[in-house]
Amino acid sequence: MRVFVAGATGAIGTRLVTQLVEHGHEVIGTYRSPGHDDRVRALGAEPVALDLLDPQAVRQAVLEAKPDAIVHQATALAGVRFGRSLDRSFGPTNRLRTEGTDALLAAARAAGVHRFVAQSFASYRYARVGGPVKTEDDPLDPDPPAMARETNAAMRHLDEAVTDAGGIALRYGGFYGAANDGLVQPVRKRQFPIIGAGGGISSFIHLDDAAAATVLALGHDGAGLYNIVDDEPAPMSEWLPTLAAALGAKPPRQVPLWLARMIAGKGMVMMAEGSRGASNAKAKRELGWTLRYPSWRQGFVAAYGGPAGSDPGPR
Ligand SMILES: NC(=O)c1ccc[n+]([C@@H]2O[C@H](COP(=O)([O-])OP(=O)(O)OC[C@H]3O[C@@H](n4cnc5c(N)ncnc54)[C@H](OP(=O)(O)O)[C@@H]3O)[C@@H](O)[C@H]2O)c1
């Protein structure tokens, strides 16, 4: 298959291109930052410079590439500073998830491309009610905190636009597996505390497993939403100390809710405290996906080395 990967140089894009090439696919990989063409070439793909926010350029790039399938993995999160407003941090990414998705879908229609897979997100999105682990059929949070409304709306737009067009939206868990993962520095510096009792649930996914699920989704017929997360959604009180230990850092601090609200803002605490995890049963069942790192417990150690004497291998 000829696969057009938008965002080939990102955290997931690089792993995905590598796995697609290993599976014998031809890959056209797009990049945005000057000089990143070499990175695409080094992965074994044909580089194309592309701004997803330029619909004419997107249309032309897809028509010229003549792909059998398109994957949208573009975000704008490198170097982003996270403050009290998620919408401010995610502003450019939200545009890639709305306008960028629409431009790629329009280009796919123009070029007669029927296979379309796009990056969505699972954690912090499901309604903060009921049990700790949610399936794709469970409702999304109908009333996200004000500082995350645009971000949630952008993900909802992507999910709906892609599946309405017959494609697949992959709701990934929190990525890890690279030395520069977003949590690494804050956890090393003890700047990422356990909030309250640490009961909010998160779902994680190793980048290699996320890429493997994406390759499978490309070969799957029919539209759908899939949670691409590991087997063990877990409360912050469990995963954060384990992550700190895997990084060789001191145990995380613990801050009471009132203090966390003052420091991080009410909305951030509401999301962290009430977040629900996601189930991967549908992706395993329908895509035939198996995980190399079924739990972050082994995955963090494999990715970051772990405390001295621990076993770094997958389960
Ligand atoms: N589920 C998750 O937890 C999740 C999801 C996404 C990202 N992250 C994390 O966020 C951090 C940064 O992510 P990242 O390394 O993937 O970098 P990123 O800056 O988000 O870039 C991702 C890809 O999108 C491309 N891109 C950026 N702006 C674009 C535009 N306007 N048009 C077209 N393409 C554009 C980038 O190209 P260039 O490289 O050429 O700039 C790159 O190929 C990583 O630690 C990652 O793990 C986590």
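This is a predicted model: local features need pLDDT of at least 70, side-chain atom pairs count only at pLDDT 80 or more; totals for chains, interfaces and linings use all residues.

Residues are numbered from 1 along each chain as its sequence is written, and side-chain values use heavy atoms, with hydrogens and water left out.

User: Which strands each supply at least two residues of the shell around the ligand?
Analyst: Strands are DSSP runs of E, at least two residues long, numbered from the N terminus. The strands that each supply at least two shell residues are β5 (115-121) and β8 (174-176).

User: How much of the ligand's accessible area does the protein cover?
Analyst: An oxygen atom of the ligand is 2.6 Å from a side-chain N or O atom of T9, and one is 2.9 Å from such an atom of H36. Accessible areas come from the Shrake-Rupley method with a 1.4 Å probe. On its own the ligand has 900 Å², and the protein covers 84%.

User: Which side chain forms a polar contact of 2.6 Å with that of R2?
Analyst: R2 lies in strand β1 (residues 2-6). A polar contact is a pair of N or O atoms within 3.5 Å; within protein, one must be able to donate a hydrogen and the other to accept it, and residues adjacent in sequence count only if both atoms are side-chain atoms. At 2.6 Å, the partner of R2 is E26.

Methods: Helices (H or I, at least four residues) and strands (E, at least two) are DSSP runs, numbered from the N terminus.
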